[in-house]
Amino acid sequence: MALIDYFRSKKSPSSASLAKERLQIIVAHQRSERDTPDYFPKMKQEIIEVINRYITISEDQVSVNVDQNDENLSVLELNVTLPEDK
Amino acid sequence: MAQIIVVTSGKGGVGKTTSSAAIATGLALEGHKTVVIDFDIGLRNLDLIMGCERRVVYDFVNVINGEANLNQALIKDKRSNNLFILPASQTRDKDALTKEGVGKVLEDLSKDFEYIICDSPAGIEQGAMMSLYYADIAIITTNPEVSSVRDSDRILGMLQSKSRRAEQNLEPIQEYLLLTRYSPKRVTTGEMLSVEDVEEILAIELVGVIPESQAVLKASNSGTPVILDNESDAGKAYSDTVERLLGNNVPLRFLEEEKKGLLKRIFGS
Ligand SMILES: Nc1ncnc2c1ncn2[C@@H]1O[C@H](COP(=O)(O)OP(=O)(O)O)[C@@H](O)[C@H]1O
Ligand SMILES: [Mg+2]
C-alpha cells in the first residue's frame with residue numbers, strides 16, 4: 001500500500017465499520033426473535049396480511065416484540081412504520 | 001464418554017471441512033483417539049481433504065441403514081494410529097440421516113473414541129441439524145464478512161433451541177468462534193471486519209483465528225490436512241486452536257500484517 005493510500009483510507013468511514021454497524025442491527029434483531037414463542041412468526045405474518053388489506057407495507061416495516069417486564073407481566077409491542085404519503 | 005464436537009457455520013465455503021480435518025488431525029497428533037465424520041451427504045469431500053478418497057468402501061449412511069458395520073466403514077488415517085474417518089455417502093439424499101440412526105452411530109463411536117468431530121454441511125437442513133444435534137461443543141466457523149457472521153448467529157440460535165442439550169434442558173453446548181480466512185492487511189485498510197468486531201457481534205469465546213493462506217490450497221491439492229504443514233501460518237494457527245480446545249492458554253498469532261520495508265510502504269508494492 002502506498003503512503004498516499006494510507007492517508008486516504010483513514011478519512012471516510014471504512015466499509016468494515018459499515019459492515020459492523022449493519023451486523024449489530026441484524027444480530028440484535030435475530031436474537032430478539034429467538035426468545036419469542038413458536039407461534040410468533042405466523043402471528044406476525046398474519047398481522048402483516050391484515051394491515052396489507054388497507055395499506056401496502058413490507059415485512060421490515062413491522063416489528064413485533066414481547067417485553068418481559070417482570071415475572072408476571074409481558075407486553076406485546078407492535079410497531080408499524082407507515083409509508084410516506086406520495 | 002467421547003466429546004462430540006460439531007464444526008458448523010450455516011454458510012458454505014467458509015472452511016468447515018478444512019477446519020474439521022485440521023482439528024481432528026491435531027487432536028490425534030496430541031494422542032487423543034479421534035474420529036471425524038462427514039455429514040455432507042451427497043457432496044462428500046472430507047475424504048479428499050484427508051487424502052483417503054480411494055479407500056472409501058462403505059459410508060455413514062450404509063452404517064445407519066445396517067448395510068455395513070462401523071468397523072467396515074471407518075477408514076484408518078495413514079498418518080496417525082489415533083485417527084479415523086467416517087465418510088459421507090456420495091449418492092443418497094440428506095434425509096438419510098435420522099435422529100435415531102445418527103444417535104446410535106455416535107453412541108457406538110463414543111465407546112471407542114475420545115473425540116468425535118462432526119463436519120457439518122452448509123445450510124440449516126437435515127444434514128446440518130443432525131450434525132449439531134448431539135454436540136457437546138460447537139466450533140462456529142466464521143469468515144469476517146457480513147453473510148457469514150449473520151449465518152453464524154443463526155446457527156447459534158439453532159444450537160440453543162434445536163439441539164439435544166437444549167431439548168433436554170441439559171447444560172448448553174459450549175460455543176466457540178473460529179475465525180477463518182482472516183486477512184490482517186485488509187483489516188488494517190478497513191476493508192475487513194476485525195477479530196474484535198466479530199467477537200463483539202457474536203459474543204462467544206474465540207478459540208482461534210486462521211489467516212487466509214496459500215498453504216490451504218496446497219494442502220487440499222495433496223490431500224494432507226493443513227495442520228501437518230507446520231511451517232505454514234495456517235498450520236500453526238490450527239495447532240494453536242487445538243491447544244486451546246484442550247484447555248491450554250496460547251496467545252493468538254498472525255493478527256498483524258507482515259511488516260513491509262519503509263520504501264515499499266511509500267512507493268507501494
Ligand atoms: N484459511 C484459508 N485460506 C485460504 N483458503 C481457505 C482457507 N480456509 C478454507 N479455504 C478454502 O475455501 C474453500 C472452502 O473451504 P471448505 O473447508 O471446503 O469450506 P466448507 O466446508 O465450509 O464448505 C476451499 O477452497 C478451501 O481451500
Ligand atoms: Mg464442507
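Me: What should I know about numbering and confidence before I start?

Reply: Residues are numbered from 1 along each chain as its sequence is written, and chains are lettered from A and ligands numbered from 1 in the order in which they are written. The model is predicted, so local features need pLDDT of at least 70 and side-chain atom pairs count only at pLDDT 80 or more, while totals for chains, interfaces and linings use all residues; side-chain values use heavy atoms, with hydrogens and water left out.

Me: In what order do the eight strands of the open sheet in chain B stand?

Reply: Strands of a sheet pair through backbone hydrogen bonds, either parallel or antiparallel. Strands here are DSSP runs of E with at least two residues, and helices are runs of H or I with at least four, both numbered from the N terminus. Two strands pair if DSSP finds at least two bridges between them. In chain B the order is β3-β4-β2-β5-β1-β6-β7-β8, with mixed pairing. The edges are β3 (75-76) and β8 (205-211) of chain B; each has a single partner strand, so one side of each is left without a neighbour in the sheet.

Me: How many bridges join β3(B) to β4(B)?

Reply: Two, and these strands run antiparallel. A hairpin of six residues connects β3(B) to β4(B). B:I75 is placed opposite B:I85 in β4(B). On the other pairing, strand β2 (residues 34-38) of chain B runs parallel to β4(B) over four bridges, and B:V36 has B:I85 as its bridge partner.

Me: Which residues of strand β4 of chain B are buried?

Reply: Buried means under 20% relative accessible area, exposed means over 50%, and partly exposed lies in between, with a 1.4 Å probe and protein chains only. Strand β4 (residues 83-86) of chain B is covered on both faces, with B:L83 and B:I85 buried on one side and B:F84 and B:L86 on the other.

Me: Which strand does β1 of chain B pair with in the parallel sense?

Reply: Strand β1 (residues 3-8) of chain B pairs with strand β5 (residues 115-119) of chain B, through five bridges. B:I5 faces B:I117 of β5(B) in this pairing. Another parallel pair is β7(B) with β8(B), also described by five bridges, where B:L179 is opposite B:V209. Six of the seven residues of β8(B) are buried.

Me: What lies across β8 of chain B?

Reply: Axes are lines fitted to C-alpha atoms, for helices over the stretch in contact, and angles run from 0 to 180 degrees between N-to-C directions. Contact means heavy atoms within 4.5 Å. Helix α12 (residues 233-245) of chain B lies across β6 (137-142), β7 (174-182) and β8 of chain B, at about 165° to β8(B).

Me: Which residues touch the most other members of the largest nonpolar core?

Reply: A nonpolar core is a set of buried Ala, Val, Leu, Ile, Met, Phe, Trp, Tyr and Cys residues joined through side-chain atoms within 4.5 Å. The largest has 54 residues, and B:I37, B:F60, B:V102, B:L109 and B:I116 touch the most other members. Helix α7 (residues 146-161) of chain B contributes the most, five residues. Apart from this core lies another of 34 residues, including B:V36, B:L46, B:Y176 and B:A234. Beyond four places in sequence, the contacts of B:F60 include B:I37, B:L86, B:V102 and B:V105. In helix α5 (residues 99-112) of chain B, the buried residues include B:V102, B:V105 and B:L109.

Conventions:
The expected span of a helix is 1.5 Å times one less than its number of residues.
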